[in-house]
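The sequence and the coordinates should be kept in view while reading.

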Amino acid sequence: MRLPVVFSVALATLVLGCSNPPPDPLDVALPPLPPTGGAAIAAAGRMTMASFEKERIPGPASQGLPGDYFMRNDKVRIVVQAPGRAIGPCPFGGNVIDFDHVADPVGDQLGEVSPFFQLGRTLNFTEAEVVRDGSQGGPAVLRFRGHDAKDDFINLPGLGSFALAIQPDYLADIDLQVRGAVTYILMPGETKLRVIYTFYNGTAIEEATLWGTLSDTGAGVEIFHPYIGFGELGFSDITGAAKYPLVAYGAFLGRGTAWGIVPVFADKSLLGSFVPVAGVDVEAYALSAQFDAFGAKGTSLHIPALGTASREVALVFGRDVGDVTAQVHGVRGEATGPFSGTVAGGAGARVTVRLPDVPEASALVTTLTAGEGGKFTGALPPGKYRFQAEGDGWRRGAEVVAMVPSEGIALAVPPVALIAYTVKDRAGQGIPAKITVVGAPGVVPDRRFRDTVRDAFPHGVAQWIHSRRGDSSRMEKTDHPIPLTPGRYRVVVSRGPEWSRFEQVVDLTSAGVKIDAVLDRVAPTPGYVACDFHQHSHISPDAAAPPEDRVLSYLVDGADFIASSEHDVVFDYAPLIDALDARDLLDSAIGIEVTAWDYGHFNAFPLTVDPMSPNGGAFDWAGGEMGLSIPPPEIWKGLRTLGAKMVQVNHPRGLPGAFSTFQNTFDRAGLRFDFAARTFFGDAAIQPINALVLGLPEGAPLFAPEFDAVEIYNGHSIPETVMDNERIDMKVDVNLRDWMNFLSFGFTPTPTGVSDSHEWISSPGGLPRTLVRVPDDSQQAIAAGLADAVAATVTGQGKARDVVVTNGPFLQFTVDGMGIGGAVLHPAGPLKIHVAVQSPAWAPVDTVEIFANNTFDVPAPKGMGLAPLVPALCWSARAKPSARCALGIGGVRPLTVKQVEVVPGNPATRRLEIVLDVNDLDPAMLLARQRAGAQGKDLWLVARATGDVGLFPVIPAQVGASTPVADLVEKMDLAGRGVPSLAFTNAIFVDVDGGGWRGPFQP
């Protein structure tokens, strides 16, 4: 059809008038690029399915997928994530996620580096462009465009306390309405990536905000900053009186690699503040003090109305922190001179470089890692420095003062002394084992040499190894001699609660010593498998242990089954179990810990890994860029939609008086039990922080009785002072109150014990644990797979929820012949109660309790402390039993503990046995003790066993510095010290009135 002439002319005029639209201000402000020319050395492009294997960067932190972008030159290789979203510390794409060296690659260990401003905003890049692919010579250049968005993984006000005082103008909820771009420039021959951010403010008001970077630190790296050295800060460091110095850069040290983040300013006096917490490092730039970040003084990025601004950082890649430091000086245009030297006997030693004649708090300049032959090299501004080396096994040499530039700096570390070992079972077969050397380190651990914060050696532990085969002569990663300084030590060999423990005091000299240990399975748990549903490896940003070492930690402590629970990453441990040839010793299920920032964490399994998702297809609890976060009940439903059979509420309560209720669901929900109305619910009136501040819809429910399991025993919280003649784990007692109330209201979630371990040694995987009844607990059944059987028991899918939570003792319990988790009809007469405890001799029990229909005021009345857990029955062998125990029916009953040598004549094979039978307890006696207002005559009963002797060093926590290390070496008197034995059962339900079991306050 022909257009009318008038319309045709008008259309032509419109087209011509729009043929030259005004340039985009953001494009105008983009940085100029270096010229092309020369050999094609640098390259950039997109990873296709065809090119993926060539361009990907494998390694322990590798995230790159087909569709992401690559950059490389003759020195380094880099992967930048494509636009998109995956929940995590850096939820949007467009950021550097992988890197490695071209020569002698060691595997990617970098997490992710993203922009950060406004106390929790970032850039959501939605467009990607290969600006220069390198084919014309010169640089490779990638560019991503997007807009500012909330990093909804982080919500500072959700911390409570000081964070609630942050002025609204500086909160992450403020939409800055800024468009942004990032330009990545990689030149040939350089180990530096220029990262240039460009911003455009399209509003009529100047925008002023905090500026910096946020990094998911990666695969168990050590975070380094000048002056303080390695390690993170805790929340107490951030909110306390300590003031940390401003720095010019942050560095990250992996295994055989390192990288640094350096802000680039023309004014070299502009520095930054660092906040590395829980595996996430925030670097805030151009500040005068750390706390400037929380107010107007921290607004270091100003973007004029309808104007632009830019900021640049350099990512520098090296082999150690010293290499990074040298490059930082280059980026800052500061002259340096080379230095080199050798650490005698110190391959792999750390070498600190400190300034002379200044306070130690500001003396540390850098730390290097000695290579083969103990050689180290670096470059620093010319001048005088102090050099000092520390080798493995806490071998620290003397300081040497030397000038820079210089060569031949001669350092030394003391000679190494080695403990060799074999560990076998009674049949003479090598077995996995944890070998802990009790004693004092040769020197005081110092974060200037290595990270002594993230997985600090517990008091009294000098060294340790997790041995896969029990033979140091194999000289493998998992089996090699233990290096130490000469001294007197106690070597303790263990394999978890079912096994005996070997101990030998040695006088270690430079000639070394060898121990030959034999372990016996003295306290088996037939019919049960030892499970841990909550643990972490460096797949989670806040954990230190490599995932393969996490698997090994379970082998040496005798666990049988784990469900993976990395923070917002769906991960499969099965290939790592296979790599350790341990399929018949340990089984696993694919799971997750959904890590809602501030209102709760939740585990679920089984799930399926999505191989095309950076986080394996993790459930996005934060709701996306424009949405609000998702309330817990909806998260649980979403997990079940993804296939989860078991959903668990993690660490539901904090300790009373704690700094914050951060991440404790029941606290955050304001969980209340109303006995008069016979209901329990999340009470908005007592929630410490309302739903809107938590990023949830107004009035969103934070609680619903729709989960399968709840963590009762997570970690260890033994009070420093003895209360009521006993040391009971305080957090366990707090959680037991909620759970016992649930039972009394007819809600029966399964109680669990988990390690929630993020470390190797200071928090062992699988201790505590949940013993789960399964049809077959043989090695053949483990190899065939336990996940379905474990899930069936924990969720009660046609089976009694027969579980025992323990850190050592094996506790068995029946009522009228019915086992744990079952329901039994009791028509008349006394109850027949049977309790049996067996435990290795090193994990003694001295008190056994039975609880029945206990209830507690939650929340506690104003001004009142927590009511004690009063048992219905209590047996004790303690010289001074607790007052609680005396309140049981019949008062304190005597407890007889029998010692049995599993191998007659061998005291090292002793186990402890307790057998209790009660035949004179009428249900009416228990019903008479319950809260007024209860209805019906039905009962629930729970058994618990406790001790007072610490399980150190199998559980090395909470032996305080007041215990002399020499005492631990010579006599290991752990009465009243460390984490004592603790075990409790799920309930047994007794139908007394014949109407089917109902809780006494069930609606």
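The numbered points below concern a predicted model.

1. The enclosed helix. Helix α6 spans residues 547-556, and nine of its 10 residues are buried, so the helix is largely enclosed by the rest of the structure. The buried residues are Pro-547, Asp-549, Arg-550, Val-551, Leu-552, Ser-553, Tyr-554, Leu-555 and Val-556. After α6 comes Gly-558, which has a positive phi, near 75°.

2. His-466 belongs to strand β30, residues 461-467. Is His-466 buried or exposed? Its relative accessibility is 5%, and buried means under 20%, so His-466 counts as buried. When neighbours within four places in sequence are left aside, His-466 is in contact with Leu-552, Ser-553 and Val-556, and also with Ala-433, Lys-434, Thr-478 and Trp-760.

3. In soluble globular proteins, nonpolar side chains tend to be buried together. The largest nonpolar core here has 88 residues, of which Trp-621, Ile-635, Leu-639, Phe-707, Phe-742 and Trp-940 touch the most other members. Helix α10, residues 730-744, gives the most to this core, with six residues. Another core, of 41 residues, lies apart from it; Phe-125, Ala-140, Phe-144 and Phe-252 are among its members. As for Ile-635, its contacts beyond four places in sequence are Val-594, Tyr-599, Phe-602, Phe-619, Trp-621 and Ile-630.

4. The disulfide and other cysteines. How many disulfides does the structure hold? There is one. Cys-874 and Cys-885 form it, with their sulfur atoms 1.9 Å apart. Cys-874 lies in strand β51 (residues 873-876) and Cys-885 in helix α13 (residues 883-886), the two being 11 residues apart. The torsion about the S-S bond is about -105°, so the disulfide is left-handed. Cys-874 is buried at 0% relative accessibility, and Cys-885 is buried with a relative accessible area of 1%. Cys-90 also counts as buried, at 6% relative accessibility, as does Cys-531, with a relative accessible area of 1%.

5. A three-stranded sheet. Strands β31, β28 and β34 form an open sheet in the order β31-β28-β34, with mixed pairing. β31 (482-484) and β34 (513-519) stand at the edges with a single partner strand each, so one side of each has no neighbour in the sheet. On average, neighbouring strands in this sheet are turned by 25° against each other, direction ignored. Between β28 (residues 417-425) and β31 the pairing is antiparallel, over three bridges. In this pairing Ile-419 stands opposite Ile-482.

6. A hairpin. Strands β41 (residues 671-674) and β42 (residues 679-682) pair in the antiparallel sense over four bridges. Four residues separate the two strands of this hairpin, and Arg-678 in the turn has a positive phi of about 55°. Asp-674 stands opposite Thr-679 in β42. In a regular strand the side chains alternate between the two faces of the sheet. In β41, Leu-671 and Phe-673 make up the covered face, while Arg-672 and Asp-674 make up the uncovered one.

Key: Residues are numbered from 1 along each chain as its sequence is written. This is a predicted model: local features need pLDDT of at least 70, side-chain atom pairs count only at pLDDT 80 or more; totals for chains, interfaces and linings use all residues. Side-chain values use heavy atoms; hydrogens and water are left out. Buried means under 20% relative accessible area, exposed over 50%, partly exposed in between (1.4 Å probe, protein chains only). Two strands pair if DSSP finds at least two bridges between them. Contact means heavy atoms within 4.5 Å. A disulfide is a pair of cysteine sulfur atoms within 2.5 Å. A nonpolar core is a set of buried Ala, Val, Leu, Ile, Met, Phe, Trp, Tyr and Cys residues joined through side-chain atoms within 4.5 Å. Axes are lines fitted to C-alpha atoms, for helices over the stretch in contact, and angles run from 0 to 180 degrees between N-to-C directions.
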